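Hello,

Here is the structure I promised to pass on to you. Have a look at it first, and then read on for what turned up in it.

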Amino acid sequence: VDGQLWSPQVRWGQRAGYEVSGTLCPALSTLRNQLIVIKRDLHHVPLAQVWRDIASQVDALTLAAVLGKGPITLSGAKQWRHDCEAVASVFLPFTRRPLSVLRRIEQASGLLALPRKEVLRLAEAVSGGGEGGREVSSLSREQVMALVRQRSEAR
């Protein structure tokens with residue numbers, strides 16, 4: 001994944017100022033097409049389990065793509081949140097609430113989009129051994145701290 005994908009220098013597009021990042025589009029298209037094939041051709045396989053397993057892996061990989069990749073500005077965080085919503089939309093044929101299955105990226109994108117004061121409050125709660133609230137319950141303490149560092153290091 002391009003480390004500059006969510007940098008402020010990139011121009012994002014029209015819809016509320018954001019479009020899906022161009023480097024993500026081919027992957028989403030491929031994933032969508034493969035899910036269609038699975039749904040169509042593997043009718044004997046318990047589809048619910050298959051798509052949930054795939055979604056879990058996509059959740060983990062999407063989070064890993066942003067962790068430790070450098071500072072993330074508020075604008076970059078909003079772009080990544082928009083990209084996460086696009087990832088979730090691939091699973092709409094299987095569930096009305098795909099972000100409920102993609103909990104890590106939903107929580108990470110929400111954390112990154114918080115105002116700086118809230119990010120620091122959450123970091124303090126997590127670093128002090130607290131749970132940090134339910135808003136990040138699917139993320140490990142290390143993941144939360146890495147995201148907080150990335151967000152707080154941005155200019």
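Two residues are in contact when they have heavy atoms within 4.5 Å of each other. Please keep in mind that this is a predicted model.

With that in hand, let's begin with Q143, which sits in helix α6 (residues 141–153). Leaving aside its neighbours within four places in sequence, Q143 is in contact with L63, L67 and S138. The side chain of Q143 also comes to 2.8 Å from the backbone nitrogen of S140.

Now for the chain as a whole. It has 6 helices and 0 strands, and of its 155 residues, 37% are buried. Among contacts with a separation of 6 or more, 70% are between residues 24 or more positions apart.

Which residues of α1 are buried? They are L28, L31, L35 and I38. Seen down the helix axis, the buried residues of α1 fall within an arc of 90°, so they line one face. The general rule is that an α-helix has 3.6 residues a turn, so residues three or four places apart point the same way. On the face of α1 turned away from the buried side are the exposed residues P26 and R40. The cover over the buried residues of α1 includes α2 (47–66) and α3 (74–89).

Enjoy exploring!

How values were computed
Residues numbered from 1 in each chain as written. Predicted model: local features only at pLDDT ≥ 70, side-chain atom pairs only at ≥ 80, totals over all residues. Heavy atoms only, no water. Helix = DSSP H or I, 4+ residues; strand = E, 2+ residues; numbered from the N terminus. Buried < 20%, exposed > 50% of the residue type's maximum accessible area, 1.4 Å probe, protein only. Polar contact = N/O pair within 3.5 Å; in protein donor to acceptor, adjacent residues only side chain to side chain. Arc of directions from axis to C-beta.
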